[in-house]
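Here is a short briefing on one protein model. Look at the structure first, then work through the points below.

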Amino acid sequence: MSAHKLIDGKAAAARVLLQVREDVARLHGQAIQPALAVILVGSDPASQVYVRNKILRAEEVGIRSVEHRLPSDTSTEQLLILIGQLNADPAIHGILLQLPLPAQMDELRALEAIAPDKDVDGFHSQNVGGLSQGRAVLTPCTPSGCLYLLEQTCGDLRGKHAVVIGRSNIVGKPMAALLLKADCSVTVLHSRSHDAQALCRQADIVIAAVGRARLIDASWLKPGAVVIDVGINRIDDDGRSRLVGDVDFDSALPHVAAITPVPGGVGPMTIAFLMKNTVAAALAQHHALRSQSEAVCHSIY
Ligand SMILES: Nc1nc2c(c(=O)[nH]1)N[C@@H](CN(C=O)c1ccc(C(=O)N[C@@H](CCC(=O)O)C(=O)O)cc1)CN2
């Protein structure tokens, strides 16, 4: 295998986390303790692993974490009460609601209930709108991680043709917005696109986020393309369960300039950027509080 073509997400995430750790230490020096609340509803096995890893990473970088586990028959109203309490708690800077939620719950309503300045997932409509306007807002973690890997791999992204395959709210749409902000020409492909394969073959950069195991093979790729595989699909391989991406890695590898593996590519970046967002949220809330109290002092004296 050509190791130089592999984009190492584990190593990149470790670099981001090192920086976060230094930022947290600086905040501790100013008596600010960044804190993240993690909410898990139900007992989805993959979600339990992701939540556990989020709490572990938080601990490692010095972020305080508080875990809230709710039973799978929780109503949306009950969840909204908890979110309201966390919104009102000045010691909590970030709120993470692990997705997916159980089927009976209203996901959009729950995400909209999170205060935009504590929305470390960047899923609130105020942050979604801000991102689409190119403003500096809390931005979804997986696309931020993908952009970081692309910048490290390609350097200047300006003018490059990026194709995003998939239009989910968590990855596809914010990814397209981030690439536009980086001055790429962006095409978003989805299940209704005509001749998706031919369009994809024009891309300098491919972001695969469709959720279909090994859909994208070499016939979708321009020689020398850079490929970021966001897919995490569990498949049965000769009676053994294993993870594969949306890209057929073995078929793509000889054609590409660089590619992320699954696992060990985009996945670790998601949690690293969650930590980065939590620190950014803590800093912004601290500044907002300070300006509020300065304004009160001005009005008194
Ligand atoms: N509220 C959110 N929910 C979900 C998000 C999200 O960003 N916010 N993303 C995914 C799940 N996810 C984090 O929550 C996540 C997925 C995968 C990984 C990861 O490190 N994957 C590893 C493999 C892990 C394994 O062995 O199973 C890798 O790709 O190397 C981290 C986080 C949906 N929900």
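UniProt, in an unreviewed entry, assigns the domain "Tetrahydrofolate dehydrogenase/cyclohydrolase catalytic" to residues 7–121. UniProt positions follow the numbering used here, feature names are shortened, and annotations may be inferred rather than shown by experiment. The model is predicted: local features need pLDDT of at least 70, side-chain atom pairs count only at pLDDT 80 or more, and totals for chains, interfaces and linings use all residues. Residues are numbered from 1 along each chain as its sequence is written, and side-chain values use heavy atoms, with hydrogens and water left out.

- Residues 7–121 are 50% helix and 16% strand, and their end C-alpha atoms sit 24 Å apart.
- Residues 140–284 are 35% helix and 21% strand, with end C-alpha atoms 17 Å apart.
- Helices (H or I, at least four residues) and strands (E, at least two) are DSSP runs, numbered from the N terminus.

**The largest pocket**

- Rolling a probe the size of a water molecule over the atoms shows where empty space is left.
- On a 1 Å grid over the protein atoms alone, a pocket is an open set of points where a 1.4 Å probe fits, with protein on both sides within 12 Å along at least five of seven lines.
- Lining residues have an atom within 4 Å of a point.
- The largest pocket holds about 1,400 Å³ of space. Its volume is the space filled by probe spheres set on the points, which are joined across faces, edges and corners.
- It is lined by 49 residues, and Y50, T142, I232, G267 and T270 are the closest to its centre.
- Helix 2 (45–61) is among the elements that supply at least two lining residues. Helix 2 gives the most, with 7 residues.
- By class, the lining has 29 nonpolar, 12 polar and 8 charged residues. Ala, Val, Leu, Ile, Met, Phe, Trp, Tyr, Cys and Pro count as nonpolar, Asp, Glu, Lys and Arg as charged, and the others, Gly among them, as polar.

**The annotated binding site**

- UniProt's unreviewed entry places a "binding site" at G166, R167, S168 and I232. From this set, S168 and I232 are in the lining of the largest pocket.
- R167 lies in the loop between strand 4 (161–165) and helix 7 (172–181).
- R167 has a relative accessible area of 41%, so it is partly exposed. Buried means under 20%, exposed over 50%, and partly exposed in between (1.4 Å probe, protein chains only).
- The side chains of R167 and H190 make a polar contact at 3.5 Å. A polar contact is a pair of N or O atoms within 3.5 Å; within protein, one must be able to donate a hydrogen and the other to accept it, and residues adjacent in sequence count only if both atoms are side-chain atoms.
- I232 sits in the loop between strand 7 (226–229) and strand 8 (233–237). At 44% relative accessible area, I232 is partly exposed.
- Not counting residues up to four places away in sequence, I232 touches Y50, L243 and V244. Contact means heavy atoms within 4.5 Å.

**Two buried residues**

- N233 is in strand 8. N233 counts as buried because its relative accessibility is 10%.
- The side chains of N233 and D246 are joined by a polar contact of 2.9 Å.
- F249 is in helix 9 (residues 249–252). F249 is buried, with a relative accessible area of 19%.
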